[in-house]
Amino acid sequence: MNLDVRTIMLMWSGINLLGAGMMALISFHADNIKGARQWALGHCCMGIGIFTSTQMSPEWPVWIIASVPFITGCGFGLLFNGIEAFKGKTCHYWITVWIGGQMMLQSLWLGMVHDNIRMVVASNSLLVCVIFAACAVSLRVKATQPLKTAYRLAAASFSFVALMSLLRAINILLKPAEDITLFAQGNVNPVFLVLGGLSQLCISLSLVLLITFRLVSDLREQATHDSLTGTLNRRSFEDESRRLLARATRTGDAMSIIMIDVDFFKHVNDKHGHQAGDEVLRRLAALLQTVIRSEDCLARYGGEEFCILLAGTNEQGAALLAERVRLLYADLRVAWKGESLQCTLSAGVADSLLVGTDLATLVDAADQALYRAKNAGRNCIALHSDSV
Ligand SMILES: Nc1nc2c(ncn2[C@@H]2O[C@H](COP(=O)(O)OP(=O)(O)OP(=O)(O)O)[C@@H](O)[C@H]2O)c(=O)[nH]1
């Protein structure tokens with residue numbers, strides 16, 4: 001390929017600096033997304049390092065010559081740290097310093113002490129191969145769409161750069177030593193560098209995609225879920241329930257609703273504080289999550305009121321589940337600032353085969369049953385059919 005290696009590396013440096021600018025802008029505005037800052041700094045270090053290496057001359061002071069591979073290596077390490085941070089893990093910054101230090105030492109030792117450029121280029125290429133392969137492995141994350149696509153794309157781009165670096169190292173090791181200089185043209189060297197540079201562009205874009213899709217899924221989560229308990233909020237519960245009830249109307253399956261309300265909850269807030277009340281609600285939501293099936297629908301319906309839509313379950317089945325939840329909750333102790341809080345709940349149950357599949361009517365019927373459970377002294381359940 002008739003392309004100058006130094007020019008390709010300048011392009012590679014430009015791609016990194018543009019990526020750094022993009023990531024810095026994102027991390028400035030979306031500071032809730034972890035990892036963007038490390039990626040911005042990593043791109044910046046790589047951009048500066050690669051640019052400086054194309055301009056380097058043997059007359060430069062040793063400390064500058066040594067700092068170029070160090071900065072470039074730190075840039076690679078920061079990409080890895082960014083992935084760790086993005087996944088919510090602790091960043092191990094010693095990895096970054098180690099990679100920078102390793103790259104600097106092998107460049108100085110092999111280049112300046114032994115004057116062996118072939119080994120400098122080959123060992124640095126192998127190091128890049130290992131780091132980018134580690135990034136690709138770290139990006140093998142189980143995620144839902146569209147994040148899954150972005151993870152795959154980023155992992156594929158990192159893998160491709162790793163492969164190009166490996167092939168470059170092998171190619172250099174197979175060549176006669178006298179043919180190798182830092183910017184040796186060779187037959188295939190520019191090919192590896194062009195493909196590697198394009199993959200670098202893919203890496204930058206897929207990291208931006210990862211951030212964008214994370215923002216989208218966070219927003220979706222916030223719009224559909226209750227922030228305190230993590231259950232569905234009332235609006236998405238109604239959307240999901242209408243869909244399930246429409247299907248039940250066609251199939252003739254039973255659908256039941258349980259309305260659950262914590263007894264004397266105001267008393268918990270008044271005596272122990274609002275945060276204690278929040279913890280009581282979180283623990284109830286966690287308990288409810290463990291007893292329902294994946295096809296059921298659980299939501300925080302209002303303040304201390306939860307609602308469960310049970311698919312393919314009639315009133316008797318729902319009553320059994322409600323009673324189980326009541327007993328479990330009565331036994332639950334919530335540890336709070338050295339005290340042990342204990343609450344009870346009341347529940348009302350209604351069945352679509354008896355009430356109909358209109359959501360508002362079904363919720364209203366379960367609410368009336370709940371009201372009767374409260375009037376019956378609380379810590380009990382009531383069935384809508386008992387009042388008919
Ligand atoms: N801690 C906390 N309290 C809440 C939240 N939402 C609503 N509440 C409180 O829940 C309490 C509900 O009180 P009430 O409607 O009188 O019900 P209760 O005290 O449970 O009495 P019964 O339902 O009749 O047994 C009120 O004090 C609300 O301020 C919340 O997110 N966190």
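Biologist: Why are helix 9 and helix 10 called oblique to each other?

Modeller: Helix 9 and helix 10 pack at an angle of about 140°, and since angles under 35 degrees count as roughly parallel, over 145 as roughly antiparallel, 65 to 115 as roughly perpendicular and the rest as oblique, the pair is oblique. Their axes, which are lines fitted to C-alpha atoms over the stretch in contact, with angles running from 0 to 180 degrees between N-to-C directions, are 6 Å apart. This is a predicted model, in which local features need pLDDT of at least 70 and side-chain atom pairs count only at pLDDT 80 or more, while totals for chains, interfaces and linings use all residues. Residues are numbered from 1 along each chain as its sequence is written.

Biologist: What makes up the contact of helix 9 with helix 10?

Modeller: Helix 9 gives F265, V268, N269 and H272, and helix 10 gives H274, A276, G277 and V280, where contact requires C-beta atoms, placed from the backbone, within 7 Å. Four of these residues are nonpolar, four are polar and none is charged, if Ala, Val, Leu, Ile, Met, Phe, Trp, Tyr, Cys and Pro count as nonpolar, Asp, Glu, Lys and Arg as charged, and the others, Gly among them, as polar.

Biologist: Which residues are the closest to the ligand, and which elements give two or more residues to its shell?

Modeller: The ligand is surrounded by 17 residues, and the closest are D263, F265, K266, G277 and G303, a residue being near if its C-beta atom, placed from the backbone, lies within 6 Å. Strand 1 (255-262), helix 9 (265-272) and helix 10 (274-291) each give two or more residues to this shell, which by class holds five nonpolar, five polar and seven charged residues.

Biologist: How do you know which way helix 5 and helix 6 run relative to each other?

Modeller: The axes of helix 5 (residues 117-138) and helix 6 (residues 147-174) cross at roughly 160° and come within 8 Å, so the two helices are roughly antiparallel. Their contact includes V121, L126 and F132 of helix 5 together with F158, V161 and L166 of helix 6, and it divides into 17 nonpolar, three polar and two charged residues.

Biologist: Why are helix 1 and helix 2 called roughly antiparallel as well?

Modeller: For helix 1 (residues 5-29) and helix 2 (residues 36-55) the packing angle is about 155°, with the axes 7 Å apart, and the pair is therefore roughly antiparallel. The contact between helix 1 and helix 2 has 15 nonpolar, seven polar and two charged residues.

Biologist: What does the UniProt record annotate, and how much of residues 151-170 is helix in the model?

Modeller: The unreviewed UniProt entry marks as "transmembrane region" several stretches, among them residues 92-111 and 151-170, although such annotations may be inferred rather than shown by experiment. Residues 151-170 are 100% helix and 0% strand, with end C-alpha atoms 29 Å apart, whereas residues 92-111 are 95% helix and 0% strand, with their end C-alpha atoms 29 Å apart.

Technical notes
Helix = DSSP H or I, 4+ residues; strand = E, 2+ residues; numbered from the N terminus. Contact = placed C-beta atoms within 7 Å.
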